[in-house]
Amino acid sequence: MKKTFVIVSVSDRVEQLNSLMQGIRNDSRFNDFDICLLYQDYLNNEGLLRKDLVTQYFVYPKRLGCNCARIMLLQKIKYDIYCNLDDDMMLMPC
């Protein structure tokens with residue numbers, strides 16, 4: 001089964017996003033999960049994004065809003081299991 005975290009983010013929250021993705025990659029519970037991201041880069045700072053942590057990412061130059069961006073991302077990817085996250089979340093140990 002293919003599993004992924006689905007994350008939608010905006011360019012003024014890139015530090016929080018990178019922290020979330022690093023936390024996922026450091027957690028052995030999620031070794032078999034991909035990370036799929038739609039990054040809304042209205043500040044033109046895509047270079048700050050930790051692309052090495054992401055399985056698939058898409059960049060959109062304008063702010064779409066969370067719902068539209070998430071729908072756009074879900075239309076671009078195909079998985080069996082999706083786990084939607086917000087970029088300001090942190091995954092905590094059980």
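Reader: In β3, which residue is the bridge partner of Q40?

Author: This is a predicted model, where local features need pLDDT of at least 70, side-chain atom pairs count only at pLDDT 80 or more, and totals for chains, interfaces and linings use all residues. Residues are numbered from 1 along each chain as its sequence is written, and side-chain values use heavy atoms, without hydrogens and water. Q40 is found in strand β2, a strand being a DSSP E run of at least two residues, numbered from the N terminus. β2 (residues 33-40) pairs with β3 in the parallel sense over 5 bridges, and pairing takes at least two DSSP bridges. The partner of Q40 in β3 is Y60.

Reader: In what order do the 4 strands form the open sheet?

Author: The pairing is parallel. The edge strands, each pairing on one side only, are β3 (56-60) and β4 (81-86). The order is β3-β2-β1-β4.

Reader: Is Q40 buried or exposed?

Author: Buried means under 20% relative accessible area, exposed over 50%, partly exposed in between (1.4 Å probe, protein chains only). Q40 has 2% relative accessibility, so Q40 counts as buried.

Reader: Which backbone nitrogen does the side chain of Q40 reach at 2.6 Å?

Author: Q40 touches K62, R63, L64 and G65, among others; contact means heavy atoms within 4.5 Å. The Q40 side chain also reaches the backbone nitrogen of G65, at 3.2 Å. At 2.6 Å, the nitrogen reached is that of L64.

Definitions and conventions. Polar contact = N/O pair within 3.5 Å; in protein donor to acceptor, adjacent residues only side chain to side chain. Lists of a residue's contacts leave out its neighbours within four places in sequence.
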